[in-house]
Amino acid sequence: MNNECELNYINVIGEGYKCKNFLVKYPPQHQEKQPGLEYIMTPRPIFENPNYKASGKLKGKVAIITGGDSGIGRAVAILFAKEGADIVIPYYDEDIDANQTKECIENLGRKCVLLRGDIKDPMFSRYITNCTLEIFGKIDILINNAGVQFTQKKLEDISEEQFDLTMKTNVYGMYYLTKEVLSYMDCGASIINLTSITTFKGEPELIDYVTSKGAIVGFTRSLATNLAPKGIRVNAVAPGFFWTPLQPSCWEAEKIPTLGSDSPMNRGGETFEIAPIFVYLASSDSSYTTGQVFHINGGEYKG
C-alpha cells in the first residue's frame, strides 16, 4: 500500500475481515434528492460484517424498520435477519435500494416485506401496522429510523416549509407509527428510536434537524417510563457521523471529506459498526434497559 492509500484508508477489523480497509475521508459528492440513494454513493457503504457470528437472538421476531432500505436502517435490517427476525421495511421511494436490501434479507432465509409510502401521512402508519399483522400476526420490534436533514447557514434561512417537513418526517412519523403499533406489542417488545449526536453538541447548520432529534430524546425517555409497567422497552441510539445516503443528500460536496474528522478516531463510521447495538436493544439481553440513549460516535464529545 503506498503512502497516499495509507492516508486514505484504515484497517479497523483485522486480517480476517475481507473488507478491512475503510476510507478515512470520502470523496466529494452531492445528491440533489432526499433522503438519498445508496446505490449511487462512492464508495458504497459497508453494511455487513461477514465475520459476525449470529446466535439466534431474534429468532421468530418480527421487526418494522422505517427507512430500512439503506443507510443505518439497511445494516440493522440485515443483521436482524441474521439473528432470525423477519423484516418489514417502510420506505419513501428508493425502490432500487429497497429491493437490494430485500434480496439480501431473503438470501439469509428470512422474509422481507417492502411498503412504499410517506411516513408523514398517519394513514401510512396504519397501513404499515395492518400489513404487518396480516402477514406475520404480530409486532415485536419497532425501529423508528426514517429521517431527513437539510442545511441552512442561519435560522432566518429555514423556511416554514422546511421546518414543517423536518418535524413531520422525523417526529410526527415516529409518533404516528409508534401509536399505531403499541396496541399490538406485548411484554418484552422493544422500540428503538434514532436521535443524533448533534442533539448533545449542537450543529450550526442543522437547527431544525437538531430540534427534531432533541424531541426524539424526550419522546424516548417519557415513553419508556410510561410503558415500563407493561414490560415494553423504549431506547434510542445517537449516531455520530456514519457514511449513509443522508450525508451526500444533505451536505455540499466539498464538506463530505471533512465529515467524521473531528472524532477521536479521525474517521466516520460504516453502518455495520452501529448495527449490533440495535440487536442488543431489540433482544432480551437488554431486559433491564429502558429510557436510555446509546452514543455510537467514535468517541466524539456527547455532552
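Predicted model: local features only at pLDDT ≥ 70, side-chain atom pairs only at ≥ 80, totals over all residues.
The buried residues of helix α9 pack against α2, β6 (141-144), β7 (190-194), β8 (233-239) and β9. The residues in question are Ala275, Ile277, Phe278, Val279, Leu281 and Ala282. That is six of the eight residues of α9, so the helix is largely enclosed by the rest of the structure.

Now the partner helix, α2. Two packed helices are described by the angle between their axes and the distance between the axes. For α2 and α9 the angle is about 55 degrees and the axes are 9 Å apart. That makes α2 oblique to α9. The crossing is right-handed. On the α2 side, the contact is made by Ile72, Ala75, Val76, Leu79 and Phe80. On the α9 side, the residues are Ala275, Pro276, Phe278, Val279 and Ala282.

The axes of α2 (residues 71-82) and α3 (residues 95-107) come within 9 Å and cross at roughly 20 degrees. The two helices are therefore roughly parallel to each other. Here too the crossing is right-handed. What makes the contact between them? From α2 it is Arg74, Ala77, Ile78 and Ala81, and from α3 it is Asp97, Gln100, Thr101, Cys104 and Ile105.

Arg74 lies over the face of Phe47, at 5.1 Å from the ring centre. A second case of this kind is Lys255, which lies over the face of Trp251 at 5.2 Å from the ring centre.

Is Glu83 buried or exposed? Its relative accessibility is 1%, so Glu83 counts as buried. Leaving out residues up to four places away in sequence, Glu83 touches Tyr52, Lys53, Ala54, Ser55, Gly56, Lys57, Leu58, Lys59 and Val279. Lys53 is 30 residues from Glu83 along the chain, and their C-alpha atoms are separated by 9.0 Å.

Next, the aromatic rings. How many aromatic pairs does a search of the whole structure find? It finds six. One of them is Tyr175 with Tyr176, a tilted pair at 5.5 Å centre to centre, with 50 degrees between the planes. Tyr175 counts as partly exposed, at 37% relative accessibility. Tyr176 counts as buried, at 19%; the cut-off for buried is under 20%.

Another pair brings us back to α9. The ring centres of Tyr280 and Phe294 are 6.2 Å apart and the planes are at 70 degrees, so this pair is edge-to-face. Tyr280 belongs to α9 (residues 275-282) and Phe294 to strand β9 (residues 293-296), so the pair ties together parts that are 14 residues apart in sequence. Tyr280 itself is partly exposed, with a relative accessible area of 29%. There is also an aromatic cluster, formed by Tyr26, Phe241 and Trp243.

Last, a few points about the backbone. Where are the cis peptide bonds I want to show? One joins Gln34 and Pro35, with omega about 5 degrees. Another joins Thr42 and Pro43, with omega about -5 degrees. Pro35 lies in the loop between β2 (21-23) and β3 (62-65), and Pro43 lies in the loop between β2 and β3 as well.

Asn266 is the remaining backbone case. Its phi is near 60 degrees, a positive value in a residue other than glycine. Asn266 lies in the loop between α8 (246-250) and α9. At 47% relative accessibility, Asn266 counts as partly exposed.

To go back over the main part: α9 is largely enclosed, with six of its eight residues buried. Helix α2 packs against α9 at about 55 degrees and crosses α3 at roughly 20 degrees.

Key:
Residues numbered from 1 in each chain as written. Heavy atoms only, no water. Phe/Tyr/Trp six-rings, centres within 6.5 Å; stacked < 30°, edge-to-face > 60°. Buried < 20%, exposed > 50% of the residue type's maximum accessible area, 1.4 Å probe, protein only. Helix = DSSP H or I, 4+ residues; strand = E, 2+ residues; numbered from the N terminus. Lys NZ or Arg CZ within 6 Å of the ring centre and 35° of its normal. Axes fitted to C-alpha atoms, helices over the stretch in contact; angles between N-to-C directions. Parallel < 35°, antiparallel > 145°, perpendicular 65-115°, else oblique. Left-handed = near helix turned anticlockwise from the far one by under 90°. Contact = heavy atoms within 4.5 Å.
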